[in-house]
Amino acid sequence: MEVPVHNDGREPSADHLPVVSAAFESSADIAEARHLARSFLADVQAVHGIPVSDSVKGAVQLVVSELVTNARKYAPGPCLMTLKICDGAVEVTVWDSEPCLPVAQTADPGRIGRHGLEIVMAICRSFEMHREPVGKRIVAAVVLADDPLGDEASDQLC
């Protein structure tokens, strides 16, 4: 994991915001992806001084779990995940080799399962899907601030 140098309590600059990437090749790696997200957010808070609430930690782990699970379930080969801090949010990017874009099903309270994409889209500030020359890339951003008007986390990022 790349960990930029701490800048003595000043606001982190765009050049020094934390980023981490990993490849996952089996369904067993989904737990490892969640662990990587927890470690990344712990470093964001401890090393970079950016507050991360428990609810944000939970939301990021949920997004990571859903996106990596879908990649492992529906695409052959490995998937790649990148986590970074960008514009007051944790940006979760997952690439896999399947070019077919997922489709969220219409809400159905009677349906058992297959609600993951709906949930991810509901809790994220933004959700994007892009076809790539090989496969697809999904980018979801979870806001660091619990309060939509901004709390201490949003005050620390430009």
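Q: Before we look at the sheet, what does it take for two strands to pair?
A: Two strands pair if DSSP finds at least two bridges between them. Strands here are DSSP runs of E with at least two residues, helices are runs of H or I with at least four, and both are numbered from the N terminus.

Q: Thanks! And what kind of model is this?
A: It's a predicted model, where local features need pLDDT of at least 70, side-chain atom pairs count only at pLDDT 80 or more, and totals for chains, interfaces and linings use all residues. Residues are numbered from 1 along each chain as its sequence is written, and side-chain values use heavy atoms, leaving out hydrogens and water.

Q: Great. In which sense do β3 and β5 pair, and over how many bridges?
A: Strand β3 (residues 89–96) pairs with β5 in the antiparallel sense, over eight bridges.

Q: How many bridges join β4 to β5?
A: Six, and these strands run antiparallel. Here glutamate 128 has valine 139 of β5 as its bridge partner.

Q: What about the hairpin of β4 and β5, which residue takes a positive phi there?
A: That's glycine 135, with a phi near 85°; the hairpin has four residues between the strands.

Q: How many residues of β5 are buried?
A: Six of the eight, so β5 is largely enclosed by the rest of the structure. Buried means under 20% relative accessible area, exposed means over 50%, and partly exposed is in between (1.4 Å probe, protein chains only).

Q: Switching to helix α3, which of its residues are buried?
A: In α3 (residues 116–123) they are Gly116, Leu117 and Val120. They cover an arc of only 95° around the axis, which puts them on the same side of α3. The arc is taken from the directions from the helix axis to the C-beta atoms.

Q: Why would residues a few places apart point the same way?
A: An α-helix has 3.6 residues a turn, so residues three or four places apart point the same way.

Q: And what do the buried residues of α3 pack against?
A: They pack against α2 (54–74), β4 (126–131) and β5 (136–143), with contact meaning heavy atoms within 4.5 Å.

Q: Is leucine 62 buried or partly exposed?
A: Leucine 62, found in helix α2, is partly exposed, with a relative accessible area of 32%.

Q: Last one: what's the overall layout of the chain?
A: There are four helices and five strands, running β-α-α-β-β-α-β-β-α from the N terminus on. Of the 158 residues, 38% count as buried.
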